[in-house]
Amino acid sequence: VRRRLSILPWPKPPGGPRHSVCHFCDTLHDAFPVPEGTAARCLCCGAVLYQNRPASLVRATAFSLTALVLMVVVHTFPFLTMDAASMRTSLSLTTAARSLIEEGSPIVGSAVALFTIITPVILACGLIYVCAPLLFGRAAPGAMFVTRWMSKTEPWNMIEVFLLGVLVSLLKLAKVADLHFGTGFWAFAALMLCMAAAVASIDRDELWDRLEVAKS
Amino acid sequence: MSARFPRAVDRGLAGCHVCGRVAPENLGNCPRCGSALHIRKPNSIQRTIALMSAAAALYIPANVLPIMTITELGDVDETTIMEGMISFWNTGAYPIAIVIFTASILIPLLKIVALVWLCAAATGKIDPSPSMLGKVYWFTELLGRWSMIDIFVVGILVALVQLGTYMSITPGPAALAFGGVVVLTMFAAMSFDPRLLWDQLDRMNNIPNPETALSLE
């Protein structure tokens with residue numbers, strides 16, 4: 001039975017008909033299953049209620065695993081090097097945060113570390129921890145706690161903003177120095193895409209419904 | 001408005017803001033994930049106004065004080081956000097100047113204006129039209145994070161431009177103030193409850209609100 005659970009597209013938890021409330025206008029709907037790849041929208045205001053993503057668990061696990069591997073690459077390979085005035089300086093995610101802390105802005109530096117390093121790690125690890133056991137129809141211990149914290153950290157993941165920041169700084173420095181992209185930079189660009197795909201690959205309602213079914 | 005769709009509040013139900021499960025509000029906590037259940041976000045307007053005022057106050061030092069100090073061959077040059085943008089414009093880098101202007105000056109300002117507008121509409125000071133204000137709210141929630149770009153640019157420049165006596169860059173006090181503006185407006189947008197706009201619309205159309213009826217009992 002557990003094996004079959006994982007193949008089921010979106011199991012509805014037991015206990016009668018479920019409702020769905022529009023988070024935007026509070027309209028009450030009956031939560032009908034929708035075909036894969038489509039979304040249920042609010043009758044009143046048109047906001048998306050829930051989406052049935054194709055191959056949701058597999059994609060969430062695969063993309064977050066890839067993201068985790070890419071994070072290791074980003075932190076071990078050179079990100080960006082600059083040659084100017086016969087000197088060479090290099091940039092990585094950690095040096096951006098650390099130099100802010102060392103040059104007199106510890107709060108801003110910690111915030112940068114939180115938004116670009118810690119939050120993506122929490123999100124990727126959390127998604128793997130919750131989704132991988134669900135592939136086998138099981139809920140990992142404390143999975144609900146982890147999922148609750150993931151939804152709280154999600155808005156603070158800003159790697160795409162950091163990438164745009166790198167591009168702006170490049171244009172600022174291009175006139176005065178020689179800049180070289182390293183492997184780390186390309187891994188970071190891929191990481192941004194993987195994180196976006198991982199977070200978007202499973203709907204919140206589906207994840208919680210699956211957790212509830214796996215627990216019961 | 002002719003027909004009104006049934007609302008969760010009419011039946012005393014609340015959608016859990018963490019897991020989406022719909023349950024009677026008087027349970028107190030969500031039966032699925034254990035988070036506190038609320039028909040509406042508690043003290044939504046007050047919290048939004050408080051956070052937004054703090055952000056508006058910080059917006060001034062963020063734009064007046066220098067965001068970074070560039071020391072070039074002993075020459076100390078302090079630049080503000082606006083000066084950085086103007087120097088890009090003057091060198092002909094128009095797209096970058098527009099990106100910085102939008103992310104650092106326009107978006108925070110528009111967010112503060114949008115939140116004032118939303119709070120005024122939800123309390124009935126101005127006409128609430130949820131379909132249009134919905135887009136305003138969506139914009140405020142989605143675009144807020146992109147203002148962080150200037151903080152990241154400062155971090156990257158400080159890390160890269162450490163060339164001893166030739167040239168070095170250190171962060172200025174505006175970086176902290178500006179980071180505060182971004183984080184506070186993000187919290188303010190999160191604490192606003194768009195459903196209050198629909199409640200206000202009901203009140204204007206004299207549709208009895210079960211929540212207010214309950215509190216009168």
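Which residues of H2(A) are buried? Ser56(A), Leu57(A), Ala60(A), Thr61(A), Ser64(A), Ala67(A), Leu70(A), Met71(A) and Val74(A) are; buried means under 20% relative accessible area with a 1.4 Å probe, protein chains only.

The model is predicted: local features need pLDDT of at least 70, side-chain atom pairs count only at pLDDT 80 or more, and totals for chains, interfaces and linings use all residues. Residues are numbered from 1 along each chain as written, chains are lettered from A in the order written, and side-chain values use heavy atoms, without hydrogens or water.

**View 1. Helix H2 of chain A and its cover.** Helices (H or I, at least four residues) and strands (E, at least two) are DSSP runs, numbered from the N terminus. H2(A) covers residues 56–76. Its buried residues are covered by elements including H3 (93–102), H4 (106–135), H7 (183–200) and H8 (204–215) of chain A. Contact means heavy atoms within 4.5 Å.

**View 2. The open sheet of chain A.** Three strands run in the order S6-S5-S7, with antiparallel pairing. Strands pair if DSSP finds at least two bridges between them. S6 (87–91) and S7 (178–181) of chain A are the edge strands. Four bridges join S5(A), residues 80–84, to S7(A). Leu80(A) has Phe181(A) as its bridge partner.

**View 3. Contact between chain B and chain A.** The contact takes 60 residues from chain B and 58 residues from chain A. Five salt bridges are counted between the chains. One of them joins Asp209(A) and Arg32(B) at 2.6 Å, N to O. A salt bridge is a side-chain nitrogen of Lys or Arg within 4 Å of a carboxyl oxygen of Asp or Glu.

Conventions
The expected span of a helix is 1.5 Å times one less than its number of residues. Buried means under 20% relative accessible area, exposed over 50%, partly exposed in between (1.4 Å probe, protein chains only).
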